[in-house]
Amino acid sequence: MTRKRVAILISGRGSNMAALIEAAKAKDYPAEIALVLANRPDAAGLDVARAAGIATAVVDHTAFGKDRAAFDGAMQVLLKQYRVELVCLAGFMRILTDGFVEAWRGRMINIHPALLPAFKGLDTHARALQAGAKIHGATVHFVVPEMDSGPIIAQGAVAVHDDDSAETLAARVLEVEHRIYPLALKLVAEGRVHVDNGRCRIMGVRPPERAFIVPDTPD
Ligand code: GRF
């Protein structure tokens, strides 16, 4: 089995990055983490990656001012240098140029802390609470120029509790993120995800039949 070479792009703590690194330790995992790339030198996830023996690099966006194309170009140089085949955005807080996104179309995925297409953008947990949603969750999707859009690869859901705060809800969603991101990367790396008319069809897996109902049926 040839493992796909993956770069993970981060801006912060990197807990999803850590979940991907952990999954890729398995001998039969179809991807290896070739590089962790941050746009901030103080991204906490960099230390986690280094401790795991993963190559790291920083392209500090502040050095590029408003020139997004030059920033993306500098990342592109590194991705080429490390012979990267797939890119995972994991809490990467920069808007990418259309050129960069197009260059990685079908080979770049992102995790978003909501059940897309609901709650695109920031503060998803507070907004889900505000909206009174009973089910919330996370989505892994292919990246397209429009933000938080793109074919959906995997989703995971949690029940919203009456006494949830944005923080408690975020914590439960994060656990789901750490499960669906390694799963989605595995499926993509195995070449089992086919995009057809904007929808992902996934070969060789069957979704569970059971429904997830909130509130649960009273006893
Ligand atoms: C996650 O909630 C992810 O869904 C969002 O940003 C957060 C990053 O967290 N895109 P971490 O850096 O992976 O811990």
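A cavity here is a set of points, on a 1 Å grid over the protein atoms alone, where a 1.4 Å probe fits but cannot get out; its volume is the space filled by probe spheres set on the points. The structure is a predicted model, in which local features need pLDDT of at least 70 and side-chain atom pairs count only at pLDDT 80 or more, while totals for chains, interfaces and linings use all residues. Residues are numbered from 1 along each chain as its sequence is written, and side-chain values use heavy atoms, with hydrogens and water left out.

**Cavity**

- The count comes to one cavity of 30 Å³ or more.
- The lining residues, which have an atom within 4 Å of a point, are H61, F64, G65, D67, R68, F71, R94 and I95.
- By class, this lining has three nonpolar, two polar and three charged residues; Gly is counted as polar.

**Nonpolar cores**

- A nonpolar core is a set of buried Ala, Val, Leu, Ile, Met, Phe, Trp, Tyr and Cys residues joined through side-chain atoms within 4.5 Å; buried means under 20% relative accessible area, exposed over 50%, and partly exposed in between, with a 1.4 Å probe and protein chains only.
- The largest core has 41 residues, of which I8, I33, V36, I109, I153 and L185 touch the most other members.
- Helix 6 (residues 166–189) gives the largest share of this core, ten residues; helices (H or I, at least four residues) and strands (E, at least two) are DSSP runs, numbered from the N terminus.
- Leaving aside residues up to four places away in sequence, I33 touches V6, I8, L20, I21, A24 and I54, where contact means heavy atoms within 4.5 Å.
- A second, separate core of 20 residues includes A57, F71, L96 and V101.

**Helix 3 and Q76**

- Q76 lies in helix 3 (residues 68–81) and is partly exposed, at a relative accessible area of 26%.
- Residues up to four places away in sequence not being counted, Q76 touches F100, A103 and W104.
- From C-alpha to C-alpha, Q76 and A189 are 20 Å apart in space, and they are 113 residues apart in sequence.

**Helix 5**

- In helix 5 (residues 124–131), the buried residues are T124, H125 and A128.
- Seen down the helix axis, these buried residues fall within an arc of 100°, so they line one face of helix 5; the arc is that of the directions from the helix axis to the C-beta atoms.
- Strand 5 (108–112), strand 6 (135–142) and helix 6 are among what covers the buried residues of helix 5.

Methods. On a 1 Å grid over the protein atoms alone, a cavity is a set of points where a 1.4 Å probe fits but cannot get out, and a pocket is an open set with protein on both sides within 12 Å along at least five of seven lines; lining residues have an atom within 4 Å of a point.
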